[in-house]
Number of protein chains: 2
Amino acid sequence: MASPPQRRRAARHRQPLADGTNATRRGPSAGRKKPITVDAIVETALGIVEREGYDALTMRRVAGALETGPASLYAHVVNKEDLDDLLIGRLCAEIELPEPNPRTWREQIISVCAQIRDQYLRYPGISLAALAAVPTNLETLRVSEGMLGIVLAGGVDPQTAAWAIDALILYVNAFCLETSLLDRHADQEEWAVSRDELLRRFAALPGTFPHTKRHAAELTSGTAVDRFEFTLNLITAGLGNRT
Amino acid sequence: MASPPQRRRAARHRQPLADGTNATRRGPSAGRKKPITVDAIVETALGIVEREGYDALTMRRVAGALETGPASLYAHVVNKEDLDDLLIGRLCAEIELPEPNPRTWREQIISVCAQIRDQYLRYPGISLAALAAVPTNLETLRVSEGMLGIVLAGGVDPQTAAWAIDALILYVNAFCLETSLLDRHADQEEWAVSRDELLRRFAALPGTFPHTKRHAAELTSGTAVDRFEFTLNLITAGLGNRT
DNA sequence: TTCTATTTAGGAACAGTGTTCGTGTCAACC
DNA sequence: GGTTGACACGAACACTGTTCCTAAATAGAA
């Protein structure tokens, strides 16, 4: 009745104990080319998401890539939810956090957010898992901690800093999710929404949409990244002098 | 080979033609107590989401509530995706848009966003459908149009207004999604994350998390709505004088 | 060395999911 | 009155996450 994955998961959310990778392994894994480990599962899963998107990430798919059955994964991973957690942990671990600099703190958080954005967009749709991730995941906490340090170094009062970071992370996740969903739509759908097509539709709207019709150009202008940086500037700009 | 739902869906995204509710109906629907219509499906679906949450929303579930099989729905609805689209359209249709007032424009958009928030939170998890909704949905466009009018009345330049509204809507959706997901987690999970529990965990973090440990109180303070209004104030505050 | 305990691997199955096919049934038009 | 076409729907397909239970193989104990 031993349940190692559950315990391992609980431990993951408690303390950053050095992962006790037992040098010696047991079980019928000698016949395998590569043993099934949590890292192998995570790596394989990330590869699938990178290549085919998050909703192609299936326990069966991962198991198949590892040349085994789906049941074999549940010895190392509690859930699909647990796997999701591991994935975004793995991604957050790659984020580089600069030493807080009081003079350039705004550029610094924007750069960290851009790192997260690029990391998430490289794995389309995974931001959904990021939104659902439990807030006590150690790797996401590491990123929060780093961002908090940067904003505090900028002289922002702690309460404002705490909530602002919450808002920033939430926005980054949402941005990536929306972008991924839109890309997936635009990929192989008959009604791909190019900018021209959008402009045409806005122009064809009835008179009850005066502003949308008049400012269709502004509404459809800019790349996704342009909007991303616009919003981040907007949020961070208001942090210095609160009203 | 007639495909009415596809055509209807396409029409929905083109022009707000008055819904041609043919007074006379055909087919073996006389034996039914209530005929299966798009409205009936949407209404039933909303009821399910309100009571049991978005991931209880299943084609089979809706069909069952309508006392029929799942195949019957596909005569009126193209997809589950189409149903999702209809649902958020229905919700957006309920949003009341005030007449733009240049003096109180900030309070006005915040109030509209709060309306959307309450509407989405009443149907837990449906914000996921809102994020995935195609941007040419007429009802969501109506809301965007209303918000655009308010911000423009506030004297914000059109380009800034357009992108800011995009950011606002994105944030509201993400906020609702995260809140719903957290609620679902906290509902019947053994590791429910109460505020005390969170404080304890932050206190137990290793020394590599100095800021998180020191400001655990600020990080865990406030209700979800507090954070919502904080962020909306933050975003709208930066709209007047752009740098 | 032999034996047992523990851990890992995995086949088969269960209860769900979205979606499609084909068939049957009824109402409205010519 | 017969034909047409919209509607309803049972059955099935290809999936999904997850659990049960069995088989294998090693680690430590006797």
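Reply: Happy to! Let's start with one residue: leaving aside its neighbours within four places in sequence, Val151(A) is in contact with Trp105(A), Ile109(A), Val156(A), Ala161(A), Ala164(A) and Ile165(A). Please keep in mind that this is a predicted model.

As general background, nonpolar side chains in soluble globular proteins tend to be buried together.

Now step back to chain A. Of its 243 residues, 34% count as buried. If you take the contacts in chain A between residues at least 6 apart in sequence, 68% of them join residues at least 24 apart.

How confident is the prediction here? The pLDDT of chain A averages 88, and 83% of the residues score at least 70. Residues 16-23 of chain A are a place for care: the pLDDT there is below 50, and beyond near neighbours in sequence the stretch has three contacts in the model. Where pLDDT is low, the predicted coordinates should not be read in detail.

Next, the meeting of the two chains. On chain B, 47 residues are in contact with 47 residues of chain A. The elements that give two or more residues to this side of chain B are helices H6 (127-132), H7 (138-153), H8 (158-187), H10 (210-214), H11 (216-220) and H12 (224-237). H8(B) gives the most, with 16 residues. By kind, the residues on this side of chain B divide into 27 nonpolar, 14 polar and six charged.

How do the two chains relate?

Helix H12 lets you look at both copies side by side. In chain A, helix H12 covers residues 224-237, and at 1.5 Å a residue its 14 residues should span 20 Å; the end C-alpha atoms are 20 Å apart, which agrees. H12(B) also has 14 residues and reaches 20 Å from its first C-alpha to its last, close to the expected 20 Å. In H12(A) the buried residues are Phe228(A), Thr231(A), Leu232(A), Leu234(A), Ile235(A) and Thr236(A). For H12(B), the list is Phe228(B), Thr231(B), Leu232(B), Leu234(B), Ile235(B) and Thr236(B). An α-helix has 3.6 residues a turn, so residues three or four places apart point the same way.

Let's finish with one more residue, Leu87(B), found in helix H4 (residues 80-93) of chain B. Leu87(B) counts as buried because it has 22 C-beta neighbours inside 10 Å, where 20 or more are needed. Not counting residues up to four places away in sequence, Leu87(B) touches Val42(B), Ala45(B), Leu46(B), Ile126(B) and Ala129(B). Pro98(B), in turn, is 11 residues from Leu87(B) in sequence, and the two are 23 Å apart in space, C-alpha to C-alpha.

Technical notes
Residues numbered from 1 in each chain as written. Chains lettered and ligands numbered in written order. Predicted model: local features only at pLDDT ≥ 70, side-chain atom pairs only at ≥ 80, totals over all residues. Helix = DSSP H or I, 4+ residues; strand = E, 2+ residues; numbered from the N terminus. Buried ≥ 20, exposed ≤ 12 C-beta atoms within 10 Å, placed from the backbone. Contact = placed C-beta atoms within 7 Å. Nonpolar A, V, L, I, M, F, W, Y, C, P; charged D, E, K, R; others polar. pLDDT = per-residue confidence, 0-100. Expected span 1.5 Å × (residues − 1).
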